[in-house]
Amino acid sequence: MTVPSFETPRLRLRPFVEDDAPALHRILTKEDMLKYFPSPAGPSLDKVEKFVRNQIRQWATVGYGWWAVELKSTGALSGWNGLQYLPDTRETEVGYLLDRPLWGRGLTTEAARVSLRYGFGNLELPEIIALAHPENLASRRVMEKLGMRFTGPADYFGMQMARYVVGRAAFDMGDIAVGGPAN
Ligand SMILES: CC(C)(COP(=O)(O)OP(=O)(O)OC[C@H]1O[C@@H](n2cnc3c(N)ncnc32)[C@H](O)[C@@H]1OP(=O)(O)O)[C@@H](O)C(=O)NCCC(=O)NCCS
């Protein structure tokens with residue numbers, strides 16, 4: 001399938017390409033970047049290459065996945081944002097990660113609104129969940145700013161996570177500044 005791209009005022013969400021692996025590896029090996037992930041140690045370049053290939057495959061097999069996020073002002077790869085299917089629970093999760101120097105500017109929330117709008121508007125999903133380590137307060141704050149509702153602790157990925165949910169009817173589709181598909 002052709003993976004759509006989207007633009008927000010400050011970001012471009014585009015398909016991952018295999019050449020993204022070295023830049024993504026630099027981001028993921030920064031201190032504390034994966035502090036709240038099941039495997040907090042920075043991955044090897046080989047693992048990141050596999051991860052990128054898997055993201056490309058996800059779009060082809062599931063029909064959606066994570067986008068590579070670029071900062072428009074520099075064109076630099078700056079993280080990921082998008083939707084992931086969880087086969088064990090048959091849920092769709094919104095996920096995100098942003099390069100450390102860019103934290104705290106509202107950029108993840110800006111990109112995640114595109115992910116939710118795509119999930120509800122294009123894929124017509126009934127609901128989307130989000131999961132964070134309970135102590136990952138920045139991630140939980142993003143979920144709150146997106147209008148997601150905390151449903152309590154829940155076991156995912158072998159960890160206890162804070163689970164949030166938003167349904168299609170409750171999501172404000174109109175409140176999003178998105179430039180529309182770029183291709
Ligand atoms: C989580 C993450 C994606 C947030 O990205 P971001 O671009 O900084 O997010 P935003 O700027 O859109 O929003 C962050 C919010 O959290 C708040 N915040 C940040 N650190 C916080 C803390 N320790 N306690 C409480 N709130 C915090 C910010 O103030 C902001 O809220 P505000 O707009 O009301 O002030 C980023 O920190 C990251 O990539 N972390 C590493 C990867 C990760 O944990 N991903 C999520 C996995 S569930």
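Strands here are DSSP E runs of at least two residues, helices are H or I runs of at least four, both numbered from the N terminus, and two strands pair if DSSP finds at least two bridges between them. This is a predicted model, where local features need pLDDT of at least 70, side-chain atom pairs count only at pLDDT 80 or more, and totals for chains, interfaces and linings use all residues. Residues are numbered from 1 along each chain as its sequence is written, and side-chain values use heavy atoms, with hydrogens and water left out.

Leu13 stands opposite Val69 in β3. Strand β4 (residues 77-86) runs antiparallel to β3, with five bridges joining them; Trp66 has Gly82 as its bridge partner in β4. These two strands form a hairpin with five residues between them, and Gly75 in the turn has a positive phi of about 80°.

Is β3 covered on one face or on both? Both: Trp66, Ala68 and Glu70 are buried on one side, and Trp67, Val69 and Leu71 on the other. Buried means under 20% relative accessible area, with a 1.4 Å probe and protein chains only.

Now the ligand. Polar side-chain atoms of Asn136 and Arg141 each lie 2.8 Å from an oxygen atom of the ligand.

Technical notes: A polar contact is a pair of N or O atoms within 3.5 Å; within protein, one must be able to donate a hydrogen and the other to accept it, and residues adjacent in sequence count only if both atoms are side-chain atoms. Buried means under 20% relative accessible area, exposed over 50%, partly exposed in between (1.4 Å probe, protein chains only).
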